[in-house]
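Here is a friendly note to read alongside the structure. Take a moment to turn the model around before you go through the points.

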Amino acid sequence: MSETNNLSNIQQKLLNERHDDTLINKAVAYAKDYVDEIKERAVFPSKVAIDKLSIFDEQLAIEPCEANGLIDFLNTHGAPATTGIMGSRYFGFVNGGATPAGLAAKVLGTYWDQNTALNILSPICAKLETVVEQWLQQLFNLSNKTVAGYVSGTSTANFCGLAAARFRQLNNVGWNLNEQGLFNAPNLRIITGKHAHSSIVKVISLLGFGKNNIEWVDVDKQGSIIPEAIPALDESSILILQAGNVNSGSFDPFDKICTKAKAANAWIHIDGAFGLWAAASKQLKHLTKGIALADSWAVDGHKTLNTPYDCGIVLCKDEEAMVTALHAEGAYIIQSEERDGMFYTPEMSRRSRIIELWATLKNLGQQGLDEMILGLHKNALSFATAISKIDGFTVLNEVVFNQVIVKCANDDLTKRVTQGIQQHGVCWVGGSTWFGEAVIRVSICSWLTTEADIVKTVSSFEHCLKKAQIKN
Ligand SMILES: *Cc1c(COP(=O)(O)O)cnc(C)c1O
């Protein structure tokens with residue numbers, strides 16, 4: 001054992017921990033218990049569990065601590081303060097679940113600890129990124145020239161798509177953004193619907209367009225852009241459309257908009273965080289008709305697709321624009337035969353989110369994906385139908401996908417019922433506003449949700465409404 005003679009104390013300690021089988025086994029066993037109990041676990045942590053988080057308020061230790069005890073500590077005090085996003089009755093925000101294959105692949109990939117920046121850093125991840133790029137072209141019916149960048153979520157994917165748009169539209173008028181910058185650059189026009197997601201507005205600020213310069217387009221009662229309300233477009237225009245309104249789930253009428261917008265040489269970007277996946281369902285894909293005419297798309301793995309978190313994808317038809325926009329010096333490298341992931345994302349070092357994305361898609365297959373996505377829609381429909389039958393609740397949207405917007409008699413009651421439902425603990429839903437009114441937003445995003453969960457959820461809504469009415 002001469003090799004171990006010259007180890008520092010910390011090397012010796014870490015080596016012992018690596019050889020300690022109980023460490024990983026224990027972490028996996030805790031994880032397994034957590035998932036096994038998810039249906040019975042609270043959808044939101046108790047006040048006690050949250051208060052007890054103060055145990056984490058400590059100075060950084062001077063001495064190293066033992067890994068085994070650390071995992072116990074994390075599980076004991078951390079797990080009770082998690083939210084049940086993995087469960088079947090978490091309908092807050094727009095989230096997702098995680099499939100067993102996706103999670104297991106993530107655990108294995110975590111131990112590989114690959115850096116996916118370059119092919120030479122991780123041939124396996126570069127391979128999976130290439131394969132999944134083709135699968136996505138097929139699922140969304142996009143041209144085989146479409147490139148994919150694997151990023152942390154749709155916010156970043158929107159950033160990348162619009163960065164490519166900015167580069168291309170300025171380039172069209174003879175301005176090299178990377179060399180000349182934004183100072184004195186010709187003006188670009190940013191056109192989007194009044195119900196664009198807040199991440200779009202953020203990206204517009206980040207890219208230096210300025211929120212005040214947005215040309216806002218009127219939307220209909222479902223929150224979809226009214227095609228006739230779009231101003232005349234030109235080669236300096238970036239038109240941002242949406243597949244899946246974050247409240248109503250509605251889709252912009254791509255088919256009616258895109259042909260004309262492309263004829264005017266506008267760049268079209270589609271924020272399809274959760275809605276783009278409708279394209280993978282035979283019954284729902286009519287919602288996405290016309291998306292192939294766009295130039296860039298942003299979509300999440302971690303919502304509708306049910307990959308674990310930290311998984312978004314930017315897709316772009318104009319490889320040169322995307323690679324040049326994200327990497328000023330990299331244009332020549334796209335000619336390389338192998339895929340180097342960093343040229344399609346803003347980052348250099350990146351974790352291997354592709355592993356769980358690949359695993360989730362392979363595990364479901366086209367049929368499973370279709371069934372899962374359609375299942376979310378069916379659950380949303382059955383929730384909407386059941387809740388409409390209860391006196392005192394009104395459904396405000398056409399349930400075209402997985403989102404249901406509900407209100408009570410007035411804003412005050414709606415807000416109190418929302419809080420009541422959250423405290424009741426059967427499910428978790430959030431509040432939102434819809435055309436100025438307070439609403440409850442129900443987003444059905446998990447593969448695990450069943451008809452029985454919908455029934456329980458509807459009863460909780462009914463119970464909490466009655467309770468709030470009595471208090472009136
Ligand atoms: C969730 C969402 C986003 C932001 O996606 P993240 O993955 O949270 O960054 C953008 N647009 C829409 C429509 C969304 O629903």
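This is a predicted model: local features need pLDDT of at least 70, side-chain atom pairs count only at pLDDT 80 or more; totals for chains, interfaces and linings use all residues.

1. The chain contains 14 helices and 11 strands. Its radius of gyration is 24 Å, close to the 23 Å that the globule rule gives for 472 residues, so the chain is as compact as a globular protein of that length.

2. For a sense of scale, look at the C-alpha trace: along its principal axes it spans about 70 × 70 × 45 Å.

3. Next, the inside of the fold. Of the 472 residues in the chain, 50% are buried. Now take the contacts between residues at least 6 apart in sequence: 72% of these join residues at least 24 apart.

4. As for charge, you can count 42 positive and 49 negative side chains, with the centres of the two sets 7 Å apart.

5. Now zoom in on a pair of strands. Strand β10 covers residues 430-434 and strand β11 covers residues 437-443; the two pair in the antiparallel sense over 5 bridges.

6. How many residues lie between β10 and β11 in their hairpin? There are 2 residues between these strands, and Phe 435 in the turn has a positive phi of about 45°. While you are looking at strands, remember that in a regular strand the side chains alternate between the two faces of the sheet.

Definitions and conventions. Residues are numbered from 1 along each chain as its sequence is written. Side-chain values use heavy atoms; hydrogens and water are left out. Helices (H or I, at least four residues) and strands (E, at least two) are DSSP runs, numbered from the N terminus. The radius of gyration is taken over C-alpha atoms; the globule rule is 2.2 Å times the number of residues to the power 0.38. Buried means under 20% relative accessible area, exposed over 50%, partly exposed in between (1.4 Å probe, protein chains only). Contact means heavy atoms within 4.5 Å. Lys and Arg count as positive and Asp and Glu as negative; His and the chain ends are not counted. The place of a charge is taken as NZ of Lys, CZ of Arg, CG of Asp or CD of Glu. Two strands pair if DSSP finds at least two bridges between them.
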